[in-house]
Amino acid sequence: ELAAVARAKQLDARLDRNEWDIDAWLALISDAQQAHIDTARPMFERFLKQFPTSARHWRRFAEQELAAGNRENAKRIFQRSLLNLPDVELWRAYVKYAHLLYDAPSSDLVGQHQALVHSGTPDAAAKAQQLFDSDQTRRRGEITKAYEAALNQVGIDIESTPLWMDYLTFLRNAPVAAGDHLGESTKMSALRSAYQRAVSTPMRDLERIWREYTDFENGMSKVLAKALLQEHGATYMAARQCFRELRVHGEGIVRGTLATPPDVEVKNATLGAAATTAVAAHKSATVATAAAVQQQVRAWRQLIEFELTNPAKLENAGWFRRVSFVYQQALLELHHHATVWHAFISFVDEHGTPAQRETLQQKAIAALPRSLLLSFSYAEQLEAEQRPQDCRAVLDALLKNNPDPLAYV
């Protein structure tokens, strides 16, 4: 315990000297993952304040709370992170949380069920079964909402295949009582709809989902299958080709690196003899040098430029959503790059609504309050809209946050 306290003080001192000492941050979060949740919680909070777009650490924070039985704390973590971070694995963790909450009936429901069974009334068994079936329908409905929310947020990610496969398995395993023809029909319709949505989405291992869908339709009706597979085959082929092109244009992108300012040189310094293998492995997976970060900027820009050509052949709303999604994903790693924010704002200004543009401008300035580029461009927009008080507020905030003489020009 004394050694842990001494190590914590040492890390605090290093971070006080240099807030971008990545070695120290990774040592801190590695210690947090080994600590009791009450000790780990402030460590996670400190880390995520510095790296708010690190989806993997938000996920690990929630998972650590769940492992300690703190479901409400995990819920609050998801509420704080999910809508800001378009990350497939974070959303999968949320769906697992929904399964944890709703897979099994509550103890109260079990008690009511048992009371009915043993009540001795003539229709006790039927009422007990009705109670259980109704509760099961409610619980599966809540899990379905979680899946649909996840797919709505990240289902267009080319790496979303595991999420789609989870959902298809969930639908396939839906319980249906023997002889319940309506229930079986409803189940098959939901599964068919999900398969058809999935095979039209450019993503990895799409061939596997298509094979499953083909087997599903042939197992239902070979006559109907021929027509449906022909109808959706063209959509599937287009999605598969689109994925291949996206993979080529996205080559070089490394997801999950910690977001650091572009002028920070993150050196691969040793962690010292006390460093664990886990920290070293964590470091290699999450840290990029300044040169590597610039390569990432180029790689994301290349992918975004390709997405702007609308390779998925989407209607305007779908295209706008997809390009916006890729910008949002790029900003997970390039959170401190004003030029990326500015490019995203310009795109929304041209193709979105004024409200969407202003919301994004405010998020950008909140992320980079010292950015001359973002503050000046926002102030210029406000001036053009004849909002002098708002314009002055933006410039005053810039002067407060940025002592750079250029801010006074």
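A crossing of two helices is called left-handed if the near helix is turned anticlockwise from the far one by less than a right angle, and right-handed if it is turned clockwise. Helices here, like strands, are DSSP runs numbered from the N terminus, with at least four residues (H or I) for a helix and at least two (E) for a strand. With those terms in place, let me present the structure.

This is a predicted model, in which local features need pLDDT of at least 70 and side-chain atom pairs count only at pLDDT 80 or more, while totals for chains, interfaces and linings use all residues. Residues are numbered from 1 along each chain as its sequence is written, and side-chain values use heavy atoms, with hydrogens and water left out.

I begin with the whole protein. It has 19 helices and 0 strands, and its C-alpha atoms fill a box of roughly 85 × 60 × 45 Å along the principal axes. Of its 409 residues, 44% are buried, meaning under 20% relative accessible area with a 1.4 Å probe and protein chains only; exposed means over 50%, and partly exposed lies in between.

Next, the interior. In soluble globular proteins, nonpolar side chains tend to be buried together. A nonpolar core is a set of buried Ala, Val, Leu, Ile, Met, Phe, Trp, Tyr and Cys residues joined through side-chain atoms within 4.5 Å. The largest one here has 68 residues, and Leu163, Ile209 and Tyr213 have the most contacts inside it. Helix α2, residues 22–34, gives the most to this core, namely 8 residues. A second, separate core of 38 residues includes Val297, Ile304, Leu360 and Ala379.

Let us return to helix α2 and its partner, helix α3, residues 37–50. How do their axes cross? They come within 9 Å and cross at roughly 145°, where axes are lines fitted to C-alpha atoms, for helices over the stretch in contact, and angles run from 0 to 180 degrees between N-to-C directions. The crossing of α2 past α3 is left-handed. Contact means heavy atoms within 4.5 Å, and among the residues that meet are Trp25 and Leu28 in α2 and Met43 and Phe44 in α3.

Finally, two single residues. Cysteine 242 counts as buried because its relative accessibility is 2%. Glutamine 129, in helix α8 (residues 124–154), is partly exposed, since its relative accessible area is 40%.
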